[in-house]
Amino acid sequence: MQSLDRAISILEAVAAADGVSLSEIARRTGYPVSTVHRLLATLQNRGLASHDPATGLWMVGVGLFRLGSAYLRIRKLPEIARPIIREVLEAVDETVNVTVVDGDEIVCVAQAESHAAVRAFFRLGRRLPFHASAAGKAVLAASSPERQAQLVERLELETFTPNTAHSRKKLMKRLAETTSRGYAIDDEEHTPGMRCVAAAILDEWGEPVGAVSISAPSVRMPAERIESLGAVARETAARLTTLYSGREPADS
């Protein structure tokens, strides 16, 4: 077990760089150079590490990519998110949703429902418009400029309440505000009496695949609580991004 733990630590040190020397790996892991060289040789034989004789540097091998690709084949955001959003529910006691992108809408795929007598509720499978939901605006704001422009251009800006963004100019202003604060707000824009905050969940390419949101009746989400719940949504989205993509959000 000790050798396995050391080999994993060495792989992590190699993966953290585009090329790293034997002595540097030993320094980062705290293992003797002889131990690092022996384990690297084993990893190289299995295709998990590679060595460039010209530079003397070590890098991850193609075998590690094959192993990682197996995770990409089976990953499912709802399953990844459920234990996380249950934690968030216990912390804030408001309904927490995970949505994914489906065409020009977002779809609720996982939920942890508040225990409060009066609470926000969105049935699983419910579709929401990009322009009138916190999750939708979070996804739009996190999209690449090209993808964002394409999505916004296609949107039918249906008016649900007086607060709905009824023009592309107003929507773009709200997207800029979302980017600035790090989370989106639905201030009774889809359903009167309901507020929501959301942040985007990113894939390994840095593109949004969905969002995590916290919803509550407006009386329980006044202006002073929006900021704290928004911070929770942002932090939760960062955790889910790491679990889903294998990368820290700042690396995307």
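User: In this predicted model, which backbone oxygen does the side chain of Ser-143 reach, and at what distance?
Analyst: The model is a prediction. Ser-143 sits in the loop between α6 (134-142) and α7 (145-154). Its side chain reaches the backbone oxygen of Val-139 at 2.8 Å.

User: Is Ser-143 buried or exposed?
Analyst: Leaving out residues up to four places away in sequence, Ser-143 touches Gln-148, Leu-151, Glu-207 and Pro-208. Its relative accessible area is 8%. Buried means under 20%, so Ser-143 counts as buried.

User: How many helices and strands are in the protein?
Analyst: The protein has 252 residues, and 46% of them are buried. Its C-alpha atoms fill a box of roughly 70 × 40 × 30 Å along the principal axes. The count of elements is nine helices and eight strands.

User: Among contacts between residues at least 6 apart in sequence, what percentage join residues at least 24 apart?
Analyst: The contacts considered here are those in the protein between residues at least 6 apart in sequence. Of these, the share that joins residues at least 24 apart is 56%.

User: What is the angle between α6 and α8, and how are the two helices oriented to each other?
Analyst: Two packed helices are described by the angle between their axes and the distance between the axes. For α6 and helix α8 (residues 168-181), the axes are 9 Å apart and the angle is about 80°. Angles of 65 to 115 degrees count as roughly perpendicular. The angle of about 80° therefore makes α6 and α8 roughly perpendicular.

User: Which residues of α8 meet α6?
Analyst: On the α6 side, the residues are Lys-137, Ala-138, Leu-140 and Ala-141. By class, the residues of the contact of α6 with α8 are five nonpolar, two polar and two charged. The α8 residues are Leu-171, Arg-174, Leu-175, Thr-178 and Thr-179.

User: How are α1 and α3 oriented to each other?
Analyst: The axes of helix α1 (residues 2-15) and helix α3 (residues 33-45) come within 10 Å of each other. They cross at roughly 85°. That angle makes the orientation of α1 to α3 roughly perpendicular.

User: How many nonpolar residues are in the contact of α1 with α3?
Analyst: From α1, the contact takes Ser-3, Arg-6, Ala-7, Ile-10, Leu-11 and Val-14. From α3, it takes Thr-35, Val-36, Leu-39, Leu-40 and Leu-43. Two of the contact residues are polar and one is charged, while the nonpolar residues number eight.

User: What separates the C-alpha atoms of Ile-8 and Leu-43?
Analyst: Ile-8 is found in helix α1 and is partly exposed, with a relative accessible area of 43%. Along the chain, Ile-8 and Leu-43 are 35 residues apart. Their C-alpha atoms are separated by 9.9 Å.

User: Does the span of helix α9 agree or disagree with its number of residues?
Analyst: Helix α9 (residues 223-245) has 23 residues. At 1.5 Å a residue, it should span 33 Å. Its end C-alpha atoms are 33 Å apart, so the two values agree.

User: Which residue just after α9 takes a positive phi?
Analyst: The buried residues of α9 include Leu-240, Thr-241, Tyr-244 and Ser-245. Just after α9, a phi of about 80° is taken by Gly-246.

User: What is the phi of Asp-93?
Analyst: Most residues other than glycine have a negative phi, and most peptide bonds are trans. Asp-93 is in the loop between α5 (77-92) and β3 (95-102), and is partly exposed at 35% relative accessible area. Although Asp-93 is not a glycine, its phi is positive, at about 55°.

User: Where is Glu-188, a residue other than glycine with a positive phi?
Analyst: Phi of Glu-188 is near 55°. Glu-188 is partly exposed, with a relative accessible area of 22%. Its place is the loop between β6 (184-187) and β7 (194-202).

User: How far apart in space are Gly-47 and Arg-247?
Analyst: Gly-47 lies in the loop between α3 and β1 (49-52) and is buried, with a relative accessible area of 19%. Not counting residues up to four places away in sequence, Gly-47 touches Gly-61, Val-62, Gly-63 and Leu-64. Gly-47 and Arg-247 are 200 residues apart in sequence, and their C-alpha to C-alpha distance is 22 Å.

Definitions and conventions
Residues numbered from 1 in each chain as written. Heavy atoms only, no water. Helix = DSSP H or I, 4+ residues; strand = E, 2+ residues; numbered from the N terminus. Buried < 20%, exposed > 50% of the residue type's maximum accessible area, 1.4 Å probe, protein only. Polar contact = N/O pair within 3.5 Å; in protein donor to acceptor, adjacent residues only side chain to side chain. Contact = heavy atoms within 4.5 Å. Expected span 1.5 Å × (residues − 1). Axes fitted to C-alpha atoms, helices over the stretch in contact; angles between N-to-C directions. Parallel < 35°, antiparallel > 145°, perpendicular 65-115°, else oblique. Nonpolar A, V, L, I, M, F, W, Y, C, P; charged D, E, K, R; others polar.
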